[in-house]
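These are my notebook entries on a structure that I have just opened. I set down what I looked up, entry by entry.

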Amino acid sequence: MVHFHLLIAALICLSLAVAQNTYIEGGIYQQIEAFGALRMLNATGVSGPASPTTSGVVYQILNNDDLAAFLAFSPALVKFAVVLPFALFTPVVLDSLRNSNKLAGVIVIQNYDPLFPIPSQYSPDDAFPNFQFSLYANSTRGFHAWNPVGNGMLHKSFDFPIFVMPVNPNDLSWQQSVGTLLETAKYNLDRGYQTYPLYSIEFNEFMYGSIDAATCLRRGWCSPVGASSVWGTFSYNISRKDTARKIIVVSAQSDSNGFFQDFVTSAATTASGYVTLLAVANALSQNQAAVSSLPNDILFTLFSTESFGFAGSQRFIQDISAPFTCITPPVNSNSSTSSCAYVGPYCANPCQVTSGFTNVDFNRISAVVELNQVSGAGLDGLTGSGGDAQIYLHVDDAADAETQELVKLFSTASAVTASGRVVRAGATSAAVNVKFGAAFTGTGNDGNLGLPPSSAMSFLAKRKIPAVVLGDYQTKYSNKFYNSIYDDASRISSANIALMCGVATQTARSVFQLAGGAAAEAANFSANCTLVAELFDCFTANATCALFHSIYPGQKVPFSGNYPGSFQQQAFTSVPPYMMYSLLANYTASKRTPNACDSISQPSCGSDPNAICVVNTCVLSQTNPHFAYGTGLEMDYATGFYKVVDPKKGTWVQSKANGDNIRIRTFLSSSPQYQGMQIGVGLALTLVVTGVTYYIQRYVDARFK
């Protein structure tokens with residue numbers, strides 16, 4: 001009984017100690033709302049920051065003079081947490097900070113005028129994104145700097161933590177966090193970073209990944225980077241056996257990447273392309289009878305995980321290049337396994353959600369039309385309302401006769417005039433003349449730079465196919481913020497919307513003719529510019545828009561960027577691809593039954609896997625998700641773990657993190673000398689107490705023996 005009481009007393013004392021520690025900790029530390037960058041790995045190594053638990057004195061660097069002063073500053077035994085604007089967030093600056101041997105970590109503030117202005121240009125990607133996985137990686141055509149402002153930050157490794165404070169002026173906690181951080185920086189600056197106490201920052205976001213993808217997967221510390229692509233067609237009964245019908249692919253990239261992935265919306269980089277593709281599908285749906293009677297099939301593809309070695313397009317092409325063989329069917333419609341977590345898959349090994357892709361034959365593809373960056377970005381050269389905007393047609397082989405005909409189909413048609421209304425800007429509108437022309441000069445390949453980074457490369461790597469990539473640039477990206485945190489909706493005007501609408505109109509007309517339709521009938525198709533504006537606003541700026549709320553089966557649509565994330569064997573793990581799937585299914589539906597379901601309370605449309613609920617309407621459509629992760633990775637169905645099977649292909653994985661304790665926080669710290677003195681005094685007292693205890697124990701033993 002005595003032991004029980006002692007145990008209770010001990011537990012009470014422990015609880016009081018924990019509570020007291022929490023109280024003291026809350027009084028000492030102040031949490032800062034910032035977000036860490038992710039650590040990524042592939043077959044050749046690591047990129048991104050390391051994340052040891054560390055701390056450093058807050059030091060603000062706003063310009064090159066501040067940087068020079070920091071590098072010349074030599075206090076003893078001190079590490080610093082450096083606060084930077086994005087203009088200085090470059091490999092050169094970070095290397096100089098690291099080489100100073102006094103860097104604890106970095107915090108980047110996106111935009112907090114006037115100290116942290118928006119840079120005039122910024123891209124963390126490479127000059128030729130994805131070059132090592134491109135059509136020209138081993139070609140004599142070689143490297144071309146499509147993205148000349150790219151600084152290559154995405155694929156560099158750093159041995160210190162890096163956090164960002166993304167702009168969110170409507171969030172009070174963000175304003176308070178930035179204000180707190182800048183106050184601590186000013187406090188330290190006023191004391192010359194030497195007069196203690198000084199404010200310090202503690203970084204804590206431990207990530208387990210190390211060495212390379214194969215090692216990290218084997219240790220269970222990483223997951224493949226991936227999500228789901230979306231594809232769909234008006235041809236509900238499309239069949240691999242129908243060899244007489246050709247397939248015209250209309251493609252766009254649906255994902256994005258960035259150094260701080262969760263805060264990159266890629267408005268011009270990718271959203272302009274997939275929004276325009278959806279507008280093309282919507283335009284063609286206005287005369288579905290004419291489209292359904294075409295002698296060939298139009299296939300829309302929205303490829304995810306393209307930023308990571310063209311993973312989505314390569315996996316889709318791999319899966320449609322030969323008849324599919326299911327090794328292990330599911331036990332029943334409610335079953336799942338450790339190696340195929342999706343409930344009720346079409347096949348458990350290899351894990352496939354739906355069977356639709358088995359009806360698509362790669363050998364039937366006769367042309368590829370890709371919508372790349374088509375917003376016009378800064379609209380260079382556009383002169384006033386009604387001005388001309390140029391869309392360039394990029395090809396791999398300018399000497400190929402079929403490719404020349406494809407370019408001619410787009411470029412010889414009369415210019416398309418489109419007007420757009422930007423929903424978020426009220427009555428603001430613009431009109432733009434959209435003109436199409438070849439990106440190459442001359443008649444052969446001497447003046448041809450080839451294809452820019454694009455999904456079309458994956459098709460051409462498999463077989464020579466007439467392919468054209470539409471872009472608002474000729475020799476270099478007009479988008480000066482490619483895959484950057486600054487590539488957001490604020491940079492898009494009504495003129496950009498009008499341009500995308502014009503591209504959608506011309507693409508719908510050209511694709512209709514490619515599929516066998518008459519030119520006179522094709523001229524009747526026009527994109528809905530109001531829809532283009534609404535779609536763009538929803539995907540890049542306003543996830544709570546009415547359109548998304550009408551589709552998403554819940555009361556609140558969560559914000560989600562276009563970064564694929566950690567791959568899970570689910571149809572959809574984020575909002576954007578689910579919205580693309582629902583919208584494309586609605587536009588290409590062969591049958592619609594209004595009021596047959598409720599998007600919130602009863603989203604089911606029965607047992608038919610091709611019937612889904614969109615805006616309280618059951619739509620029957622050949623639209624499907626398709627897993628998208630690197631083809632250099634495969635599931636080992638014997639162990640239930642992924643492994644690297646081909647290091648030359650996409651093998652990107654994401655490190656797992658200690659998600660229970662991710663934080664940065666500020667606190668007042670004493671000087672290293674004072675801390676050393678405290679440690680010395682503590683050790684001395686410990687030795688004295690130990691010695692006194694020892695002699696007392698000996699005395700007691702001798703006295704009372």
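Entry 1, aromatic rings. I looked up the ring cluster and found that ring pairs link F86, F89, Y122, F158, F160, F259, F260, F481 and Y486. I count rings of Phe, Tyr and Trp (its six-membered ring) as a pair if their centres lie within 6.5 Å; planes under 30 degrees apart are stacked, over 60 edge-to-face and the rest tilted. I note that this is a predicted model, in which local features need pLDDT of at least 70 and side-chain atom pairs count only at pLDDT 80 or more, while totals for chains, interfaces and linings use all residues. Residues are numbered from 1 along each chain as its sequence is written, and side-chain values use heavy atoms, with hydrogens and water left out.

The structure holds 45 aromatic pairs. I looked up F567 and Y642, which are edge-to-face, 6.2 Å centre to centre with 80 degrees between the planes. F567 is in the loop between α14 (546-551) and α15 (575-588), whereas Y642 is in strand β27 (residues 641-644), 75 residues apart. Helices (H or I, at least four residues) and strands (E, at least two) are DSSP runs, numbered from the N terminus. Both F567 and Y642 are buried, that is, under 20% relative accessible area, against over 50% for exposed and in between for partly exposed (1.4 Å probe, protein chains only). Y629 also forms an edge-to-face pair with Y642, at 5.5 Å centre to centre and 75 degrees between the planes.

I found the charged end of K102 over the ring of F70, 4.9 Å from its centre. R191 lies over the face of Y187, at 3.6 Å from the ring centre. The criterion is NZ of Lys or CZ of Arg within 6 Å of the ring centre and within 35 degrees of the ring normal.

In what order do the eight strands of the open sheet stand? I read β1-β29-β10-β5-β6-β7-β9-β2, with mixed pairing; two strands pair if DSSP finds at least two bridges between them. β1 (30-32) and β2 (35-36) stand at the edges with a single partner strand each, so one side of each is left without a neighbour in the sheet.

β1 and β29 pair in the antiparallel sense over three bridges, and Q31 stands opposite R665 in β29. Strand β10 (residues 198-204) runs antiparallel to β29, joined by seven bridges. I also noted that six of the seven residues of strand β29 (residues 663-669) are buried. Strand β7 (residues 103-109) pairs with strand β9 (residues 162-165) in the parallel sense over four bridges.
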